[in-house]
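Work through the exercises below with the sequence and the model open. Each task is followed by a solution in steps.

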Amino acid sequence: MSLFVNADGGLTTAGYAGCIALIVILTAVLYFSQKSKASAHMSAKKIAFSSMCIALAAVTSMIKVYELPFGGSVTLCSMLFAVLPGWIYGLSTGLLCGLIYGILQFVLGPYVMTPVQVLFDYIFAFMILGVSGIFSKKKNGLLTGYIVAVIGRWIMATIAGLVWVSLGSTVWDGWAPLPYSMVYNISYIGLEALFTIIIICIPAVEKALNRIKKQALEN
């Protein structure tokens, strides 16, 4: 099909190599963006904490707590781990880590139909989780940031669903594409969000996450 995508919609060796190279480049950007404002130690700590969050998000995204009968699954709080870099370090770091996570998701389960489909299924879908960084210095910032990030994730998933319908994907009988995509995506994203919000609101969990943030910001 092309140098980077095979006939089945997956990645070729060159495609995988290109994605991995892009992840490395973006990680370097994450390091050097901090270096001008703080010590190399702080930059290294940011890379370590952010990488750990991205890795945990990727691993937990593969752990299905519940699979809905009509499609979609609830993961083990993967979106929570993806919003942590933004909540800890701010918007720019959150968006960059979300972009890295989106590319990683693409590498782990690539399927290419069109460039627009790839953008909304992988890149925008996970990069938007970084908007949690808007609330990094706000009271109850993690809870607010998580909710806003998840809403953004749902919007991107809804648009992706419309793209899939335009490419020939079927909808439920009697449903128009937009309400179908909205309801389908909120069913699993919303269920996971509700489960995660309950966990975040547990005092012991909230205290532990705040302690982690404090440690991540110590120079």
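**Exercise 1: the largest pocket**

The largest pocket of this predicted model holds about 920 Å³ of space. Find which residues lie nearest its centre, which elements each supply at least two residues of its lining, and how the lining residues divide by type.

Solution.

1. The lining of the largest pocket consists of 34 residues, and those nearest the centre are Asp 121, Tyr 122, Phe 126, Arg 153 and Tyr 188.
2. At least two lining residues each come from strand S2 (73-75) and from helices H3 (78-89), H4 (91-108), H5 (115-127), H6 (141-166) and H7 (177-200).
3. H7 provides the largest share, seven residues.
4. By type, the lining has 18 nonpolar, twelve polar and four charged residues.

**Exercise 2: the second largest pocket**

State how much space lies in the second largest pocket, and identify the helix that gives the most to its lining.

Solution.

1. The space in the second largest pocket is about 240 Å³.
2. Its lining has 15 residues; Asn 140, Gly 141, Leu 142, Glu 206 and Asn 210 lie nearest the centre.
3. H6 and helix H8 (203-217) each supply at least two residues of this lining.
4. H8 gives the most, with four residues.
5. The lining divides into six nonpolar, four polar and five charged residues.

**Exercise 3: the span of H6**

Compare the span of H6 from its first C-alpha to its last with the expected value, then inspect the backbone just after the helix.

Solution.

1. H6 has 26 residues, for which 38 Å is expected at 1.5 Å a residue.
2. The helix reaches 37 Å, close to that expectation.
3. Just after H6, Gly 168 has a positive phi of about 115°.

**Exercise 4: the packing of H4 and H5**

Describe how H4 and H5 pack, giving the angle and the distance between their axes, and list the residues that make the contact.

Solution.

1. Two packed helices are described by the angle between their axes and the distance between the axes.
2. For H4 and H5 the angle is about 145° and the axes are 6 Å apart.
3. Their crossing is right-handed.
4. H4 contributes Leu 95, Gly 98, Leu 99, Tyr 101, Gly 102, Ile 103, Gln 105 and Phe 106 to the contact, and H5 contributes Val 118, Tyr 122, Ile 123, Phe 126 and Met 127.
5. These contact residues divide into ten nonpolar, three polar and no charged.

Definitions and conventions: Residues are numbered from 1 along each chain as its sequence is written. This is a predicted model: local features need pLDDT of at least 70, side-chain atom pairs count only at pLDDT 80 or more; totals for chains, interfaces and linings use all residues. Side-chain values use heavy atoms; hydrogens and water are left out. On a 1 Å grid over the protein atoms alone, a cavity is a set of points where a 1.4 Å probe fits but cannot get out, and a pocket is an open set with protein on both sides within 12 Å along at least five of seven lines; lining residues have an atom within 4 Å of a point. Grid points are joined across faces, edges and corners, and a volume is the space filled by probe spheres set on the points. Ala, Val, Leu, Ile, Met, Phe, Trp, Tyr, Cys and Pro count as nonpolar, Asp, Glu, Lys and Arg as charged, and the others, Gly among them, as polar. The expected span of a helix is 1.5 Å times one less than its number of residues. Axes are lines fitted to C-alpha atoms, for helices over the stretch in contact, and angles run from 0 to 180 degrees between N-to-C directions. A crossing is left-handed if the near helix is turned anticlockwise from the far one by less than a right angle, and right-handed if clockwise. Contact means heavy atoms within 4.5 Å.
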